[in-house]
Amino acid sequence: METSTEGAAQPDSSPAPAVDPPVPAGSVEAVIEAGVETAAVAAAAPVAIAPSTLSPSRASDFMQCPLLYRFRVIDRLPEKPSEAATRGTLVHAVLERLFDAPAAERTAPRAKSLIPGQWDRLRESRPEVVELFADDPQGERLARWLGEAEQLVERWFSLEDPSRLEPAERELFVETELESGLRLRGIIDRVDVAPTGEVRIVDYKTGKAPRPEYSEGALFQMKFYALVVWRLKNVVPRRLQLVYLGNGQVLTYDPVLADLERVERKLLALWEAIRLATETGDWRPRPTKLCGWCDHQAHCPEFGGTPPPYPLPVRAAESGGPAQGRMGPD
């Protein structure tokens with residue numbers, strides 16, 4: 001359950017359920033979300049930088065564990081690809097590319113036929129994913145993994161009919177700056193616009209839908225996107241929709257302006273906590289059941305590790321960059 005941080009210096013301390021694996025720090029999405037402008041920069045030797053932007057994934061990192069946020073955003077420690085996260089990236093690419101075809105050709109067989117080609121493209125753009133199946137010389141695990149991706153893609157057709165959809169945007173990069181100077185950014189899977197002008201924001205999840213008591217936490221990312229769209233276009237999205245391919249459920253929420261104002265206040269409080277941690281170098285671990293996902297146990301005091309020396313001077317991150325927001329290709 002998402003808990004408001006209004007008037008607080010620290011975010012909600014209750015752990016959120018892991019309905020999808022965390023976004024890997026080395027993925028294309030995370031490169032953009034961490035404020036790094038190009039993949040070429042990410043490929044170079046990591047350079048410590050003070051936080052300057054906030055995305056849904058990085059906000060969730062800090063709420064989950066401030067030390068994890070530091071490892072990913074400031075130290076930029078490498079993380080190994082996982083089968084689950086890589087499968088999610090593959091499925092997202094297939095669903096995006098399917099809309100390149102005419103409406104009548106957007107069928108399940110065609111979607112599944114896109115998987116081999118998208119897997120090849122993923123391996124070319126992110127060679128590290130090849131390591132996932134390095135110990136699979138006969139290709140048996142890879143075949144099962146690709147079969148699981150096919151099942152997720154096929155399940156989507158029981159939830160939505162792509163032949164009746166004409167997305168206004170796919171994989172849309174959005175960025176805006178709030179009056180406080182905080183810059184928000186992220187990538188929206190799909191934006192649908194009705195003939196009447198109503199906006200629907202859609203996000204695909206390859207995991208399972210959370211239990212009802214955790215639905216608010218699951219919607220945090222979507223409310224974040226709705227806030228950015230509202231600030232950019234002065235339009236409150238009519239509907240937020242999470243499509244869970246893991247168990248074939250759809251979670252929807254119709255936001256109102258007061259929802260987005262609350263999210264903005266929450267993010268401002270969250271950013272103040274991040275700013276304070278940046279100034280002091282005090283990034284405390286917050287152990288939860290999600291620690292099992294973490295690649296950084298060797299550096300975590302909770303597991304007997306020692307974080308690397310704090311790479312930043314003890315000062316606040318400097319603001320900068322253009323004041324005007326963006327909505328489109330980065």
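Some ground rules before that. This is a predicted model, so local features need pLDDT of at least 70 and side-chain atom pairs count only at pLDDT 80 or more, while totals for chains, interfaces and linings use all residues. Residues are numbered from 1 along each chain as its sequence is written, and side-chain values use heavy atoms, with hydrogens and water left out.

Okay, the overview. The protein has 10 helices and seven strands. Of the 330 residues, 45% are buried. Buried here means under 20% relative accessible area, exposed is over 50%, and partly exposed is in between, using a 1.4 Å probe and protein chains only. Then there are contacts, meaning heavy atoms within 4.5 Å. If you take contacts between residues at least 6 apart in sequence, 71% of them join residues at least 24 apart.

So what's in the middle? The largest one has 48 residues, and Leu54, Leu184, Ile201 and Leu267 have the most contacts inside it. Helices α3, α4, α9 and α10 and strands β2, β3, β4 and β5 each supply at least two of its residues. The largest share, 11 residues, comes from α9. Take leucine 184: setting aside neighbours within four places in sequence, it touches Leu54, Val174, Glu175, Thr176, Leu178, Phe224, Leu227, Val228 and Leu267. Apart from this core lies another, of 23 residues, including Leu95, Phe99, Ala149 and Trp156.

While we're on α9, have a look at alanine 218, which sits in that helix. Alanine 218 counts as buried because its relative accessibility is 16%. Alanine 218 and leucine 242 are 24 residues apart in sequence, and their C-alpha atoms are 8.6 Å apart. Leaving out neighbours within four places, alanine 218 is in contact with Pro210, Leu242, Tyr244 and Leu251.

Next up, helix α3, residues 56-64. How many of its nine residues are buried? Eight of them are, so this helix is mostly covered. Among the buried ones are Arg58 and Asp61. The axes of α3 and α10 come within 11 Å and cross at roughly 65°; axes are lines fitted to C-alpha atoms, for helices over the stretch in contact, with angles from 0 to 180 degrees between N-to-C directions. Ala59, Phe62 and Met63 of α3 make the contact with Lys266, Leu270, Ala273 and Ile274 of α10.

Now the hairpin. Strands β2 (169-177) and β3 (183-193) run antiparallel and are joined by eight bridges. Two strands pair if DSSP finds at least two bridges between them. Glutamate 169 has valine 191 as its bridge partner in β3. Five residues lie between the strands, and in this hairpin glycine 181 takes a positive phi near 100°.

Let me finish with some arginines. Which strand holds arginine 190? It's β3, and arginine 190 is buried, with a relative accessible area of 0%. Its side chain makes a polar contact of 2.9 Å with the side chain of aspartate 192. A polar contact is a pair of N or O atoms within 3.5 Å; within protein, one must be able to donate a hydrogen and the other to accept it, and residues adjacent in sequence count only if both atoms are side-chain atoms.

Arginine 106 is in the loop between α5 and α6, and at 5% relative accessibility arginine 106 counts as buried too. A polar atom of its side chain lies 2.9 Å from the backbone oxygen of alanine 101, and a 3.1 Å polar contact links the side chains of arginine 106 and glutamate 166.

Last one: arginine 87, in helix α5, is buried at 16% relative accessibility. Beyond neighbours within four places, its contacts are Trp145, Glu148, Ala149 and Leu152.

Technical notes
Helix = DSSP H or I, 4+ residues; strand = E, 2+ residues; numbered from the N terminus. Core = buried A, V, L, I, M, F, W, Y, C linked by side-chain atoms within 4.5 Å.
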